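Could you walk me through the ligand site and the salt bridges in this one? A short report will do.

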Amino acid sequence: MKISVFGLGYVGIISAACLAEQGYKVLGVEVSRDKIEQVNAGVSPIVEPYVGEIVKKVTASKNLVATGDIKQAVMETNISLICVGTPSRETGEVDLSYIFKTAEEIGEVLKEKNSFHIVLIRSTSMPGTVDKYAEIVEAKSGLKRKKDFDIAANPEFLREGNAVNDFYNPPYTLLGCECESSEKTIRKMYSFLECQFIVTAIRTAEMLKYVNNAFHALKVDFANEVSRFCKRKNIDSREVIDIFIMDRKLNISEYYLRPGFAFGGSCLPKDVRALSYEGKKIGVDMPVVENIMNSNDLHVEWAFQNIIKEKSPKVGIFGISFKNGTDDLRESPAVLLVEKLLGKGKDVYIYDENVHLANIMGTNKEFIEREIKHISTLMESDPIKMLEKVDMVVIANKDNSYREILNNYKGKDVLIIDLVNLFPERKSGKNYRGIGW
Ligand SMILES: NC(=O)c1ccc[n+]([C@@H]2O[C@H](COP(=O)([O-])OP(=O)(O)OC[C@H]3O[C@@H](n4cnc5c(N)ncnc54)[C@H](O)[C@@H]3O)[C@@H](O)[C@H]2O)c1
């Protein structure tokens, strides 16, 4: 079985590298020349635990080869995984144009192919996308779905920062597939995974990813609203939530339920907006979902107010990516916070061990260049030097290395504003303030 993976971004490179690690011959298809060259030189295009080592190993063994040649990728493989981006349009609607571009490209090549080809949509896309994809492939190739080729939904549930581990240990493998022979092949492809394999209707599988992400986003907002209320009432929200999550029967799971900072990244904001947009379009009122982003924005504003009330002119930020363990800056709440602080005339210094501006690419690069043009002038490479320059630091990523740096720092007194509960043992007091505890 040979596999092609379209899009070598955060999701694609993980799937491509891990499938190659399992012994499959994988062709990674990319439009970015830089990413192709980087991967073929054995270097991961993203920062993520373990992926660097895996990419190095599987490119050396030639199990993973990156290419821009779509024809080769379709002709030489049996399955294509579509992992291209599905960003938000200005209205909040999901932009599926990158996905449908691959449908045209693959359809064109399939005209000349004599064997059955399966396309799996890994990207997050609205219900109905797989069916439209199949129509495009049929129109381009003149072939028949289920007879000559098949399209199925196979949403990805990984979390950045823990992506390789999540790839190998997902909550389940979800397949939206309505063709028995395709199901058999895909089950075989994933046979190395021990988790449950759930097969459902295509539109159900497509819907699941939005339901999951909207619920995760809602959980973050819920915990943060609780933490703001608790702070005002002088109650430690960490304890409240600790007790709340002990009810495993009704509250189910503790993930996304820790009081902390706002959510961000390339998925939750975009997917909540898309669901809300779609609800309006089809005449369904969704007041909770519609207000998730408002609540999240309010939480960034809450953090901002907590910082400026201290009246320190020089602020150091630990962590600018949207969460620890990644260099992804897209829709990072820390970036929004920095913009607000700059607008207020603060001198801002940023330290983030994962973010090397020279290495970031694609939508990640576009986002940061649009939001903070001169961000490179704010970045500090030495956290101790940054501490010497500021009176206050804001912890925006839950990274244990920042904890060590601050615990070992013997210089002047620096006020810590903790947005992420990096110091669970501390209470708000003279040199330490929690955002919701
Ligand atoms: N990032 C996550 O944690 C995560 C988790 C689960 C699901 N998803 C979903 O997976 C999808 C991909 O997300 P991402 O974060 O990896 O995006 P990304 O922007 O990091 O990567 C997308 C890649 O696709 C490439 N591309 C675009 N058009 C192409 C084409 N026609 N052929 C080949 N390559 C093409 C781009 O150059 C880019 O490298 C999205 O739908 C997203 O919602 C993301």
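Here is a quick look at the ligand shell, then at some salt bridges.

## Ground rules

This is a predicted model, where local features need pLDDT of at least 70, side-chain atom pairs count only at pLDDT 80 or more, and totals for chains, interfaces and linings use all residues. Residues are numbered from 1 along each chain as its sequence is written, and side-chain values use heavy atoms, with hydrogens and water left out.

## Around the ligand

The ligand has 26 residues around it, and Val11, Glu30, Lys35, Thr86 and Glu160 come nearest (near means a heavy atom within 4 Å). By type, the shell splits into 9 nonpolar, 9 polar and 8 charged residues; here Ala, Val, Leu, Ile, Met, Phe, Trp, Tyr, Cys and Pro are nonpolar, Asp, Glu, Lys and Arg charged, and the others, Gly among them, polar.

Domain 1 (2-199) and domain 2 (211-434) both contribute to the shell, so the ligand lies between them; the bounds come from an automatic or database domain assignment. A polar side-chain atom of glutamate 30 sits 2.3 Å from a ligand oxygen, and a backbone N or O atom of valine 11 is 2.8 Å from an oxygen of the ligand.

## Salt bridges

The whole structure has 24 salt bridges, each a side-chain nitrogen of Lys or Arg within 4 Å of a carboxyl oxygen of Asp or Glu. Lysine 270 pairs with aspartate 271 at 2.9 Å between the closest N and O atoms. Arg89, Glu93 and Asp95 form a salt-bridge network.

Conventions. Polar contact = N/O pair within 3.5 Å; in protein donor to acceptor, adjacent residues only side chain to side chain.
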